[in-house]
Amino acid sequence: MLPAADAYCLSKVKDSAAVMKELHMEGKIGGLTCITFCHSTEDEQIIERALRVLGENAELEWKSVETHFGNRMKVAPLRLGGADDLKRMISKMPVDEREALISSLPERVDDESILHIRLDKQSLVGGEIRLASSYSRDERKERDTVDISVRVVTYPRGRENAVKFIASIMQQG
């Protein structure tokens, strides 16, 4: 049995640890995956160069698929690294786009703590990183996108913590 003074100190340490656990949140980016399509009318090399804006060392492998109507197209799943690639991508965005992305994080993170971002493919071809949602509804219908999924792992788990963690990374970039 502990003396009363030691028991009191131990209870304070436990309380302190519980408070620190609530205040301290750990997290990491589990990976970024990008998917885009290359229609038969598009030049695969131009699209690949545009995707290299997102990550120079990314693994890119084109896969040929057939659409519902029998047209041929290629799909490029692209795997990027972790937080460094996300920061680099965010830092290349115009300031207003970055702010729009950060302010819309709660709508973009799902219950599985995956951040969903849709970039405008034509802007990427032009060397800019812009959100597809920054265009009006009518313009979006005609735009091709690069769909990005960012897996976020936080402790403690949860959508809310994932949003906070991603926001802190984006504000650093």
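## Close-up views of a predicted protein model

**View 1. The whole protein.** The protein has 8 helices and 6 strands, where helices (H or I, at least four residues) and strands (E, at least two) are DSSP runs numbered from the N terminus. This is a predicted model, in which local features need pLDDT of at least 70, side-chain atom pairs count only at pLDDT 80 or more, and totals for chains, interfaces and linings use all residues. Residues are numbered from 1 along each chain as its sequence is written, and side-chain values use heavy atoms, with hydrogens and water left out. Followed along the sequence, the pattern reads α-β-α-β-β-β-α-α-α-β-α-α-β-α.

View 2. Of the 173 residues in the protein, 36% are buried (under 20% relative accessible area, with a 1.4 Å probe and protein chains only). The accessible surface comes to about 10,800 Å², and 50% of it belongs to carbon and sulfur atoms (Shrake-Rupley method, 1.4 Å probe).

**View 3. Helix 3 meets helix 8.** Here helix 3 (residues 83-91) packs against helix 8 (residues 159-172) at an angle of about 55 degrees, and their axes are 8 Å apart.

**View 4. Residues at the helix contact.** Which residues of helix 3 and helix 8 make the contact? Helix 3 brings Ala-83, Leu-86, Lys-87 and Ile-90, while helix 8 brings Ile-169, Met-170 and Gln-172 (contact means heavy atoms within 4.5 Å).

Definitions and conventions: Axes fitted to C-alpha atoms, helices over the stretch in contact; angles between N-to-C directions. Buried < 20%, exposed > 50% of the residue type's maximum accessible area, 1.4 Å probe, protein only.
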